[in-house]
Amino acid sequence: MITNRKIRKIVIYLLCIGILFLPPCLLLSPKKEFSENENRYLTKLPPLSLRTILSGTYTDSLNDYLADHFPQRDFFVGLKSSMEIACGRKYINGIYVAKDDYLIELYKQPQNTDRIIDTLIRFYSKINRTDCKVNLMLVPTAVTVYYDKLPAYAPPSQQLETAYTIYDRTGIPPIDCTENLFDGASKGQLYYLTDHHWTTFGAYCGYLAYCDTKGLTPVPLEALTAQIVTEDFAGTLYSKINDYRHRKDAITIYINPEDVLTVTYVDTGEVTDSLYNFDYLEAKDKYSLFLDNIHPLIEIENAAADSQDELMLIKDSYANSIVPFLAHHYKKIYILDTRYYRDGPSSFLSEHETITDILLLYNLNTLDSDTGIRGIY
């Protein structure tokens, strides 16, 4: 039987070997620019100059570079995490190792709430069309909805306090999906085990809240065609832990057989009849199959929509998996990712007078640091 003490000895032995061979390995090993596992670009070797040395920026950047390019970095990070989990540790790299195989990200105290509120107020005040209705949906994440799965010492997340403060002070009519998520917790999996996004069923619960607020008749889940497209999804939280023994996720998509879609990715000019790019199932970032990852502007037309209404959706990546449900109710949906769309939603709205609805949808865990919401106005 392998005890925790034996595990620690093995890890220490391997780390000692790694440190012994680090200098030549670091110099000779090939350098990657992008980490597929962490879905981010790695730190580049900083330029050496007297100014960067005196300011201390060279040393800081060099530390980041060495950490990013440590030989077999993913292996040693995973080994360290596995040892800590085996020893009973429940909080690693900002991630809670929670019950039922969930990895749940810590919610940090927000620093930019006032700035976000000011931006939203200025955007909302700019819309002076009575024929265009605006709503704001701030989605709580697993750290709130699955609080009972967290270790006993985990503090309350206070996400909902942030959401209600923003709703109250901006005056934008809210779509509060909190109760729908709590109600849905007993009916299906709302969040991925290994990723910070809600699942497609979680997105459906958000869709039900949207329909309730907007007076729409939701499409029953049983009327949609469900398809499990992968059972090997290891998301962003998995990458922070790198515990190779951890259970992977399944991704389910729902297709409405009644919809007749034309999806246009304006930046690339690509036109398709699907809201999914299945090529991503062969990559690490499998969640990007929804709406083909990142595009500044996407236009979706539904020839079989149950109305002639048009929606402008300003969003983060949480919205990507709710769009397949919303598409049934709109003749046209314009999706703006304001991290990359530079002309501004207000200008876009003034050029598209047929838009009847605007939805701003962001998750609460990344809202504070989201650069896109600053580009709304």
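The model is predicted, so to speak of local features a pLDDT of at least 70 is needed, side-chain atom pairs count only at pLDDT 80 or more, and totals for chains, interfaces and linings use all residues. Residues are numbered from 1 along each chain as its sequence is written, and side-chain values use heavy atoms, with hydrogens and water left out.

**Two helices that pack**

Helices (H or I, at least four residues) and strands (E, at least two) are DSSP runs, numbered from the N terminus. Helix α6 (residues 113–126) packs against helix α8 (residues 159–170) at an angle of about 35°, and their axes lie 9 Å apart. Axes here are lines fitted to C-alpha atoms, for helices over the stretch in contact, and angles run from 0 to 180 degrees between N-to-C directions. Contact means heavy atoms within 4.5 Å. From α6 the contact is made by Thr113, Asp114, Ile117, Leu120, Ile121 and Tyr124, and from α8 by Thr162, Thr165, Ile166, Arg169 and Thr170.

**Strands and a hairpin**

In a regular strand the side chains alternate between the two faces of the sheet. Buried means under 20% relative accessible area, exposed over 50%, and partly exposed in between (1.4 Å probe, protein chains only). Two strands pair if DSSP finds at least two bridges between them. β9 runs antiparallel to strand β11 (residues 297–302), joined by five bridges, and Leu261 has Asn302 as its bridge partner in β11. Three bridges join β9 to strand β10 (residues 270–272), also antiparallel, with Val263 partnered by Thr272. β9 and β10 form a hairpin with four residues between them, and Gly269 in the turn has a positive phi of about 80°.

| Cysteine | Relative accessible area |
|---|---|
| Cys177 | 0%, buried |
| Cys205 | 4%, buried |

**A leucine in α10**

Leu208 sits in helix α10 (residues 200–214). Leu208 counts as partly exposed, because its relative accessibility is 27%. Leaving aside neighbours within four places in sequence, Leu208 is in contact with Asn180 and Pro218. Leu208 and Asn180 are 28 residues apart in sequence and 7.3 Å apart in space, C-alpha to C-alpha.
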